[in-house]
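Dear colleague,

Here is the structure I said I would pass on. My notes on it follow below.

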Amino acid sequence: MGSNQQAQLPRRIIKESQRLLSEPAPGIKAVPNEDNLRYFSVEIDGPGSSPYEGGKFRLELFLPEDYPMAAPKVRFLTKIYHPNIDKLGRICLDILKDKWSPALQIRTVLLSIQALLSAPNPDDPLAENVAKHWKENEAEAVREARAWTMRWAR
Amino acid sequence: MEDDSDYEDSYVASDVEDYPTSEDGDYGYDPQTEPEISMRRAAYTVLSEEELKLRQQEALQQVMQVLSISEGEAVRVLRHCKWDVNRVNEEWFADTEALRDKIGLVDEQPTGSGRRKESCGICFDEFWVSEMHAAPCNHSFCRGCWKGYVHTAISGGPAVLSLRCPLPDCSAAVPAALVTAVSDPKHREKYHLYSLRSFVEDNQRLEWCPAPGCENAVEALHEVSNEAMDVTCRCGSSFCFNCKEEAHRPVDCETVKKWIIKNSAESENLNWILANTKPCPKCKRPIEKNQGCMHMSCSQCKHEFCWLCLASWQEHGERTGGFYNCNKYESAKKRGDYDAESLKREHARVSLQRYMHYYQRWAENDRARSQALSSKAEANDKKLEVLSEFVATPTSQLKFILDAWAQVVECRRILKWTYAYGYYRFGDNIPDEDTAQKQQQGFFEFNQGQAEMFLEKLNGVVEKDLDNLVEEFKREPGLSEVAPDGSVFVDQASSPERQAVWSKFREQLIGLTEVTRMHFVKLVQELEKGLDQLLAFYSEQPEAEAEAEVEPAAVSTAEASGSATPAQQATAKAPKRSKRSRISSRAAADKASNSAAAFSLQEADSELEAEAGYWQCRRCTVINRDLNSQSCSMCAQNRRGPISAS
Ligand SMILES: [Zn+2]
Ligand SMILES: [Zn+2]
Ligand SMILES: [Zn+2]
Ligand SMILES: [Zn+2]
Ligand SMILES: [Zn+2]
Ligand SMILES: [Zn+2]
Ligand SMILES: [Zn+2]
């Protein structure tokens, strides 16, 4: 089963997987699932001097049939208090939607998500109430995010 | 720039010669008799898909020449400027760099040697550079990846027309030539379709015909405003260029929009009110209404009540203002019968009832229009041929029947919209003190009523009367009597008796079609001028000026084309008649300012009749050649007296 899948897998995905393992980006781990090489288990370290610092956030990443023409599907599995990430872990990020380009890669996507943790954007919210909190009282929202990190992302 | 505007001028001028294309030979009859009634004719042309492609190509060529750019670049620039060639010139020469930047036009980058292998940034495979493709930015990808990229974008919709280089942060526009070079026929076709759609949909002067299955577009030949503009496509459907609803002149787009929203908001109430049964107000049993009379009597409890307001019939006497006025609310309010709460409820009900009055008439005329359309098609398909044998006349000479139907169709459409107009123009309850409003309402309703009356008559003659006539002809066999010496037929169809009956019918129908048309021309003209202005006009303008000013524009062409048949004479005559009647109307209005009936088109005018050499019966519309006779040769209607019931 495994080797058969490997044979059907586009060269690009094989190359990307190999590079993710051999030269990982700092603070990002992405490991393909043995039974499904299009499915990746991801772990992103919370960036320093962000309310997510010290947390390890698990994500899942799936490469659809028409990848790289279509964007990968990515979702947070670890609970996180962030204005651009909702309760189900879905992420509001332009390159995962209309700004996707086939010249982008798994690595660039994960780096963008890491950057999103450093710079939340409450003006383009996915989680309405979190974004509201962020805008009305940023210090308190940041405290809440830090508490969530301590509670769920250790 | 100067060259350019010259080009634009000649481009429009040649189109104007094609115009009017709205009357193309679908029906195969003289476009002169096209019933379209509008005072302000819109200049437009109908373009087929092929013609649109040519137009688009013309615009592209023009921009390519003037700006010395490639076709791919011209597409981008034109799209950005909504396919307005003049705007392209303005924006381009105002700041070329800014515009190029905005729409992703980059200078062609030098390509490296083809005898070299490079890795494709999408599939990571190695290719000879000569086998790879790139936008002018020269960011190369392999053909397979380009194909995937382009196909995905095409499947994503018309945004593919603004496709940029796949490299993140490179905003170079992907030229159409590259898109079509790498895509398969199916996707290529879709891309061309998007491109053509953009040409129409982004272009202020173009609109698609909204008729299902029709692929034509209509092009305005002048600067478009946001006013109603009725156009007729080659497929026969009419629509408003401004709001895309069905044609609705003389009523404005705003009224139409409000009316359509109102109808959908009220749809629940409408179902209730258009139903044929209502509960008896006393015993609540369902009572069915199967006649026109509003006086209901419950079969169970024998309660008598009014269908419209559900009040007891006893209250519908002379005392409350008579039956059809049904104005219990008014008088009850005056008597102070209602407390605030029931007053509010009563007001809501009256308001709904008032709406129903207009809605019913709007909907019935809409239905009647559809029926007339299919009757016309039926006549065109079959009926005329049958008739042709009965009256020994080629079908080409029976087209006046189609003209009559076409007139019915157009008048139903206008009449329908005058009900939406009436609903909004006059409030729920015009106070007695507001004599101006009352007067305008009376004026409008009188003319609407006149137009409607003639339309009903025309509809009846071309429908029932014609059918009866055909039935009559059927009973007298066309071919009869075999002479002793062999087969000599007496042709009943060309007998003088039948010919006389037929020509009388023909004159009546042609006359009636024209008279109906005139009434609607008048109605349309009034609404387009605005009732308040008209009334002011009637009460202020000196007579001489009035004569000079009220010249119905639309019919002046008919006047110019002098001809011999009575029908055409009637056409030529009509404008003068209506002009004259307006002026005498003004005099009458001065005398009895409140009487709407004073504005009658039927004002006797022996001078004009003498000039024309005939007088037209106001009841059956037959042309009477005896200027001395005082009663109609066809129906005995008095020449000057009130119109008697048929
Ligand atoms: Zn490739
Ligand atoms: Zn590029
Ligand atoms: Zn059409
Ligand atoms: Zn409109
Ligand atoms: Zn009853
Ligand atoms: Zn009533
Ligand atoms: Zn008569």
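**Strand pairing in chain A**

Glu43(A) stands opposite Arg58(A), a residue of strand 3 of chain A. Please keep in mind that this is a predicted model. The two residues belong to a pairing between strand 2 and strand 3 (residues 56–62) of chain A, which is antiparallel and has 7 bridges.

Strand 2 of chain A also pairs with strand 1 (residues 28–32), again in the antiparallel sense, through 5 bridges. Within that pairing, Ala30(A) has Val42(A) as its bridge partner. Strands 1 and 2 of chain A make a hairpin, with 6 residues between them.

The two faces of strand 2 (residues 39–45) of chain A can be told apart. Phe40(A), Val42(A) and Ile44(A) are on the covered face, while Tyr39(A), Ser41(A), Glu43(A) and Asp45(A) are on the uncovered one.

Cys120(B) and Cys142(B) link distant parts of the chain, being 22 residues apart. Cys120(B) is in the loop between strand 2 (117–119) and strand 3 (126–128) of chain B, and Cys142(B) is in the loop between strand 3 and helix 6 (143–155) of chain B. Both Cys120(B) and Cys142(B) are buried.

Regards

Notes:
Residues numbered from 1 in each chain as written. Chains lettered and ligands numbered in written order. Predicted model: local features only at pLDDT ≥ 70, side-chain atom pairs only at ≥ 80, totals over all residues. Heavy atoms only, no water. Buried < 20%, exposed > 50% of the residue type's maximum accessible area, 1.4 Å probe, protein only. Helix = DSSP H or I, 4+ residues; strand = E, 2+ residues; numbered from the N terminus. Pairing = 2+ DSSP bridges.
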